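Let's take a walk through this model together, from the whole chain down to a few single residues. Please keep the structure open beside you as you read.

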Amino acid sequence: MTGPTRGFRMRSLRKTVLLAILVSVVLVLALLHSWPTRGYTTVDVWQRPGSIVERHLEERLPEPDHQLGNIPFHVRDSVASLLARNGCLCEGESGGVNLPFAQLLFPRVSAHPLHTAFEASELEEMKRRRDKEYKSFQKRSQTPADVLIIAEANNPLQYPTQGVEVRPLKTIIIPGLALHDLPRDHYSINITATLGTLNVAAEVDGVKVKGDGEMHMSLSSSLLPNLNRQLQFVTYTNTLFHPSTADTVQFETEGHQAVFSIKIRHGVTPKLYNTGSKGGYNVSALVTIATKTFLRYDKLQDLIDSVRRYYPTVTIVIADDSENPKTIFGPYIEHYIMPFGKGWFAGRNLAVSQVTTKYVLWVDDDFIFTANTKLEKLVDVLERTTLDLVGGAVREATGYTATYRQTISIDPGEEDGDCLHMRRGFHHVIQGFPNCVVTDGVINFFLARTDKVQQVGFDPRLARVAHLEFFIDGLGSLHVGSCDDVIVNHATKIKLPWVSQSESDKIYAKFRYPPASSDATHTKNGLLFFKNRFQCLTHN
């Protein structure tokens, strides 16, 4: 190869390499240009107001007026006794008469400390762990919207007191902002947010805006009408993502301050049920019957047969934890097998988890439907009220009918926990339904909104002894009612002396009715103590 030829090829190769490098650089620059430029930051997602807001709110809490301290007053005991105390007590009633059925006829309040579910050697450690969990729960569940805010007297600032809401990372106009009746030569407004930025959607002549697009924004003008017009265009943009929290916004002018909350949360996604086009209440499309069975297949079959006499096409879901399960035959039946002895609440969870209708009717496996078991009445109550759950009545073979209505209340305590109180009774009668009342707990025969029952759930650790624990867990989220004119019969439990008890009945009784000193009772009290943070309970 000659010298000129070799030189030409070397120059050609260098040009090719340089061209490849140039193309690579261009591609890299193009890639960098098109790459998302959003900066990601690390944030604290605990729901709590910042230290500045906390200080501001503390400063705004009214100081005791010493001029009022010398004015005499007289305590009205009948009202003052209703106020919450610093701490709570569980006190039972003593005395009474020792007669047959005395507790049924003349119920007395009994009190039970719950810490006895644990050995003395482990109690302090249990309290320490419970306190740690409780503080974490408070951080998760409380938002700045829960903070007490007191409006100042004669404040010329107009602002929204409630109802302002924005979706996470979205923008809204803050409604209702204005300044009134404050004659001055010059007017200024300061607005400060903590979880978002402030801006204006339009500019008004004669108004100076400073800090737009930031957490602190100032508006000023010598013309009050123009300033108020500008306030109508103030926007808030959430910048710190959280699915459900609140921002505390400070709204100030010279000599006057106000604070209001903006809720930041996703809208609640509806869960709707298609019940068909049939007129009236189509119970088969609206209701699924759920039950839990254990060994008592003869009683379960009696239940199914009685249901079919009145509701031949309603689906029945059965959770079964028998040791040797039998096949349950029939249309519109779903039979789910569980591990042996898995338990009462675990079975409830399984059965309810398979319900796809709007409502679920819970029944025990030894109930009998009659002409008085009108599910349409219970459906009507739920369709026409805000109740989430409505109980019926259970009639025994003796003719005694029970609704087991219970009111449940909690007195706030201190470090030892709260006090749980349960009483027979109800709160008030429901207008339009004279046989129905509002209460907190009902008997094991109830119709409920399926999604609400699934939301509360049944603690599977309660395997043998449990019922009101479901309503305790649902307190504050379940709106409960009870109607005594929808009745289901209870298979007789009367044991005739000449009829021997079957082997399956003996095994059932062993599981169903454990002694008070059993692990089941300790588990129940232990959960009330630790999970629900109660120190004691009273009931009648």
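Predicted model: local features only at pLDDT ≥ 70, side-chain atom pairs only at ≥ 80, totals over all residues.

Residues are numbered from 1 along each chain as its sequence is written, and side-chain values use heavy atoms, with hydrogens and water left out.

Let us begin with the chain as a whole. Its secondary structure comes to 14 helices and 26 strands, where helices (H or I, at least four residues) and strands (E, at least two) are DSSP runs numbered from the N terminus. Of the 540 residues in the chain, 40% are buried. Here buried means under 20% relative accessible area, exposed means over 50%, and partly exposed is in between, with a 1.4 Å probe and protein chains only.

Now find helix α5, residues 120-141. With 22 residues, α5 reaches 31 Å from its first C-alpha to its last, close to the 32 Å expected at 1.5 Å a residue; the expected span is 1.5 Å times one less than the number of residues. Which residues of α5 are buried? They are L123, M126 and R130. These three cover an arc of only 65° around the axis, which puts them on the same side of α5; the arc is that of the directions from the helix axis to the C-beta atoms. What covers the buried residues includes β21 (417-424), α14 (519-530) and β26 (534-539). On the face of α5 turned away from the buried side, you will find the exposed residues S121, E124 and K132.

Helix α6 (residues 224-231) can be read in a similar way. Its buried residues are L224, L227, N228, Q230 and L231. They cover an arc of only 155° around the axis, which puts them on the same side of α6.

Next come the empty spaces. Rolling a probe the size of a water molecule over the atoms shows where empty space is left. On a 1 Å grid over the protein atoms alone, a cavity is a set of points where a 1.4 Å probe fits but cannot get out, while a pocket is an open set with protein on both sides within 12 Å along at least five of seven lines; lining residues have an atom within 4 Å of a point. Grid points are joined across faces, edges and corners, and a volume is the space filled by probe spheres set on the points.

The second largest pocket holds about 450 Å³ of space. It has 15 lining residues, and the closest to its centre are Y134, F137, K531, N532 and R533.

The largest cavity, with a volume of about 40 Å³, is lined by L462, E469, I472, D473, K524, L527, L528, K531 and N532. Here α12 and α14 are the elements that give two or more residues.

Finally, some single residues. R395 lies in strand β18 (residues 389-395) and, at 27% relative accessibility, counts as partly exposed. R395 and N489 are 94 residues apart in sequence, yet 4.7 Å apart in space, C-alpha to C-alpha. Leaving aside neighbours within four places in sequence, the contacts of R395 include N372, Y400 and N489.

Most residues other than glycine have a negative phi. L295, which is not a glycine, has a positive phi of about 75°. It is found in the loop between β13 (287-293) and α8 (297-310) and counts as buried at 19% relative accessibility. Y332 also has a positive phi, of about 60°. Y332 sits in the loop between β14 (315-320) and β15 (333-337) and is partly exposed, with a relative accessible area of 43%.

Terms used
Contact = heavy atoms within 4.5 Å.
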